[in-house]
Every structure is written in C-alpha cells, then in structure tokens.
Amino acid sequence: MSTPVGADPVVVGPYLATALGDQRWRQVSVELIAAGMSNLTYVVTPQGGTADDAVILRRPPTGAVLATAHDMEREHRVISALGGTAVPVPRTLHLCTDTAVLGAPFYVMEKVDGVHVVDALPPGYADKPAQRRAIGDGLVDVLADLHAVDPAAVGLADFGRPEGFAARQVRRWSKQWDATRDRDRPAMDALAARLAETVPATQRSGIVHGDYRLDNCLLDPGTPGRIRAVLDWEMSTLGDPLTDIGMLFVYWPEAGEDPPAVQSAVTALPGFPTRQEIAERYAQRSGMDLGELSWYVGFAYFKFAAIVAGIVARSKAGAMAGKDTSGYAERIDGCVDRGRAALDDGAI
C-alpha cells in the first residue's frame, strides 16, 4: 500500500469502514492526485476493489495555512447543498471535523467519471472546433446556472455576507498578499489600492465558486460540451457573481497570447470561444450588465497573483506535497501588469 503525505491508508481505511458502515474499506490504497495546488485530493480504493469502487478524499495542504483558507466544512456544505440543483457536483459521503484523525478536517465524496483537462486535451477528445466551442458554452451555462440558484432555497442563506462583498474581497486578498509576500512589489500594492478605490456597485448577489475554470471541472467523456462535475469549492461563498467571470478570464488565454503565470493554453486552440464571446453568452444567459467587467478582471488578476504568492510561500515551508513551483514567483509581475491593463484600457 502507498503512503502519500496527509492520508495514511492505515488510518484512512479503518476510519472509513466505521464512518461509511462498510468493512470492505478497512484496508485501502490511497493515491494523491497530481493536479491541484491547494487542497490535497486523493483517490481511495478498497482492497480488491476497482476504479468504480473508489471515492475521493479532500483535505487541506499539510503544514501551516492561512486563516479562513482550505475550509473543508464549507466546501462539503456547498457541494451537498447544490446536489439537487442544475449545477453538477459529486455526491458527498462523509465529513470529518476531528483533526485527530488526519491532522486536519477532511471529507469524502463520490468519484465522478469524467475528463479532466489541465495542460492539453486527451488524444481524440474534442478534436473538432465545434466540440471545443461546446465545452466553452457548457462552462458558461453551468456558471450562469450556479449564479441563478437561490441560496436560501438550498439552505445557504447564511453561507456568506454578500453586502460589501467586492470591497471586502479586495481587503481580504490584500491581507493574504501581505501575509505571504515574497519581496517588495510596489506595483502589486498600487493595484490593490486602485481596486479598493474603484469598487463597482453590485448588481445582485448569489453563490460564487471563487475559482471557476476549465480544470476545476470534469467533462463528459462522450459529450465534451456536457459538464459532469464542478470541483474545488474551497473559495465559494455568497457574493458578486461577476467575480467568477473575472476569474474565468484569467484562466482563458486566447490564440497568440502568452499566459502570464501558470495557466494552461488549451483555450487558445481553434474552436474555443473568445473571452468576449464568453462575456456575451453569460450576459444573455444571466441577464446581467457587464459594463464594469474590466474591474472584475483587474481584481481577478490581483487575486491570482496573491494566490501564486501563497503557493510560493507554502512551497518554501514544505507544505506542497512535492509540487514543483519553480518559476512561480517570477510570474507574479505579469499578473499585476494584466490587472493594471484591465483597469487602464478595459482589457479583458
């Protein structure tokens, strides 16, 4: 049996056997999934079982983490609440808040069969432009469906504080940047100050994912335009839905562009919709006015730069479970430049 960092199978197996009421889990294999730079995700398979029997375990990164980050209980709660809506999410199975078990809270959910696109499309998958267009359209439609969910109707009325959300987000990520800054970066500080001074009025509030992008979704193996599951809800809350669109654009490079940090260039392939086309589809589907979209894009690049700084800090502290983060710090300034361009020129 493997012994990955953060989820010892000798501990996980007996615990799940009791928690799930099934003794076949007493002995398990645990595999750390390579993708992901924040919360750790493992595939847990019972001894003698197949991939169809496996479940997914999620826990925070090992080592010290920032306050309010990596909240397993919140992530478990929002996924559970969305289970009966149009938003595709895995079925949750168990939440453990006892830190004595694995050293941190964790939860277990079903393993969804889907295509996970990170750096490239799998050979033979979505190799036609129309299929790639369908993927982009599907992502937009699911995001609009999420933002249409009534939080109170699914038991999430108290999931966040939507009043003053955008301004509070600028303050929060400025604080996180201060806590993990690798060196003096005046342009980053200037971008934070400018964002704080120009916060737009919120049109409406709803459930926001916080990190919505292609590689946080699983695609249907047979129908590329169908989203099988939306994953990685650790940043979800109640707030301004347009922050999700801004963040999606950070992860959506177009043909001829050089992504400023660690984003995949998959969306630059022929067929994928442009950011402008995504904005138009979202506006039509959601009924929202995107006249202030450039602010949300500027904020998203600032937030992303702060996230990268956090990854660099955790890596230095040895809390990234073997992840290669070389070159990350050098890309922070590129994100700041993109954020400033959005505010200066309306660039999306």
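Which ring does the charged end of R213 sit over, and how many Å from its centre? After that, please walk me through helix α2: which of its residues are buried, and what do they pack against?

Analyst: Quick ground rules before the tour. This is a predicted model, where local features need pLDDT of at least 70 and side-chain atom pairs count only at pLDDT 80 or more, while totals for chains, interfaces and linings use all residues. Residues are numbered from 1 along each chain as its sequence is written, and side-chain values use heavy atoms, with hydrogens and water left out.

Your ring question goes like this: R213 has its charged end over the ring of Y251, 4.3 Å from the centre. To count, NZ of Lys or CZ of Arg has to be within 6 Å of the ring centre and within 35 degrees of the ring normal. R74, from the stretch that makes up α2 (residues 72-82), does something of this kind too, lying over the face of F159 at 3.9 Å from the ring centre.

Now α2 itself. Helices (H or I, at least four residues) and strands (E, at least two) are DSSP runs, numbered from the N terminus. Where α2 begins, D71 places a side-chain oxygen within 3.1 Å of the backbone nitrogen of E73. Further in, the buried residues are M72, E75, H76, V78, I79, A81 and L82. Buried here means under 20% relative accessible area, exposed means over 50%, and partly exposed is in between (1.4 Å probe, protein chains only). What those α2 residues pack against is β3 (55-59), β4 (92-96), β5 (106-110), β6 (206-208) and α4 (129-148).

E75 is worth a stop. Leaving out residues up to four places away in sequence, E75 touches N39, R58, Y107, D232, W233 and E234, where contact means heavy atoms within 4.5 Å.

One of those neighbours, D232, has a positive phi, near 60 degrees. Most residues other than glycine have a negative phi. D232 belongs to the loop between β8 (227-230) and β9 (237-239), and at 22% relative accessibility D232 is partly exposed.

R58 takes us to β3. All 5 of the 5 residues of β3 are buried, so the strand is largely enclosed by the rest of the structure. V55, L57 and R59 cover one side, with I56 and R58 on the other. β3 runs antiparallel to β2 (residues 40-46), joined over 5 bridges, and I56 in β3 is the bridge partner of V43. On the β5 side, 4 bridges make an antiparallel link to β3, with L57 standing opposite V108. For two strands to pair, DSSP has to find at least two bridges between them.

β5 also has an aromatic link. Y15 and F106 form an edge-to-face pair, 5.6 Å centre to centre with 65 degrees between the planes. Y15 is in helix α1 (residues 9-19) and F106 in β5, so the pair ties together parts 91 residues apart in sequence. Rings of Phe, Tyr and Trp (its six-membered ring) pair if their centres lie within 6.5 Å; planes under 30 degrees apart are stacked, over 60 edge-to-face, and the rest tilted. F106 is buried at 2% relative accessible area, whereas Y15 is partly exposed at 23%.

Together with V87 and W233, L82 touches the most other members of the largest nonpolar core, which has 83 residues. Helix α9 (residues 293-316) gives this core its largest share, 16 residues. A nonpolar core is a set of buried Ala, Val, Leu, Ile, Met, Phe, Trp, Tyr and Cys residues joined through side-chain atoms within 4.5 Å. Beyond four places in sequence, V87 has contacts that include L82, V142, L146 and W233.

Notes
A polar contact is a pair of N or O atoms within 3.5 Å; within protein, one must be able to donate a hydrogen and the other to accept it, and residues adjacent in sequence count only if both atoms are side-chain atoms.
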